[in-house]
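Welcome to this short tour. Please open your viewer, switch to a cartoon view and get ready to select a few residues along the way.

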Amino acid sequence: YIDNAMLVVGDTPAPYVPLHSAEEWDRCQRYYEVHGGAYASLGIWGYRSGADAEWEVYQQFTARKSVTPTVTKVGTWDVYNTGQPTVDGPSVSGYRLKIVSLAAGVMFAQVNSSDDVVTAEANP
């Protein structure tokens, strides 16, 4: 069993110093991040004067990704006067969440359970 191994160039071994858990977490979020997962923790709300009108909101990542990630909407969200939201324009710093109105008036899409999330996976 090997745990927390470290490669040292040279003859003298360096003492192992683990990263602080906050720094470790920040490094992990450069590659994988999840938004949502709790009722109404992520959503998009708007008002439009007719059908087929787009409404979008920009969601910023907690940590800048190492490369442009694959961003995926997971689950069936609560919606009103719109279809399911779509993810658009991912970049290393965030993505757009977009809905399209079915008729005039209020429209929204929001997560309604722990399995409704948006995942971002950046594999360099």
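Before the first stop, one term: two strands count as a pair if DSSP finds at least two bridges between them. Keep in mind, too, that this is a predicted model.

**Stop 1: the sheet**

Select β1, β9 and β4. These three strands form an open sheet in the order β1-β9-β4, and their pairing is antiparallel. Which strands sit at the edges? They are β1 (32-36) and β4 (70-74), each of which pairs on one side only.

Now keep β1 and β9 on screen. Strand β9 covers residues 117-121, and five bridges join it to β1. The two strands run antiparallel. Click on E33, and you will find A120 of β9 standing opposite.

**Stop 2: from E33 to K65**

Stay with E33 and show its side chain together with that of K65. The two form a salt bridge, with their closest N and O atoms 2.5 Å apart. Where does each partner lie? K65 is in the loop between β3 (54-60) and β4, whereas E33 is in strand β1, so this pair links distant parts of the chain, 32 residues apart. Are these two residues buried or exposed? K65 is buried, and E33 is buried as well.

**Stop 3: K98 and E54**

How many salt bridges does a search of the whole structure find? It finds five. For another of them, select K98 and E54, whose closest N and O atoms are 3.9 Å apart. This pair also links distant parts of the chain: K98 belongs to strand β7 (residues 94-100) and E54 to strand β3, 44 residues apart.

Why does K98 count as buried? Its relative accessibility is 16%, and buried means under 20%. E54 has 43% relative accessibility, so E54 counts as partly exposed.

**Stop 4**

Next, show the side chains of D88 and R96, which meet in a salt bridge of 2.7 Å, N to O. D88 counts as partly exposed because its relative accessibility is 26%. R96 is partly exposed too, with a relative accessible area of 29%.

To finish, select E54, E56, D88, R96 and K98 together. Salt bridges that share partners join these residues into one network.

Conventions
Residues numbered from 1 in each chain as written. Predicted model: local features only at pLDDT ≥ 70, side-chain atom pairs only at ≥ 80, totals over all residues. Heavy atoms only, no water. Helix = DSSP H or I, 4+ residues; strand = E, 2+ residues; numbered from the N terminus. Salt bridge = Lys/Arg side-chain N within 4 Å of Asp/Glu carboxyl O. Buried < 20%, exposed > 50% of the residue type's maximum accessible area, 1.4 Å probe, protein only.
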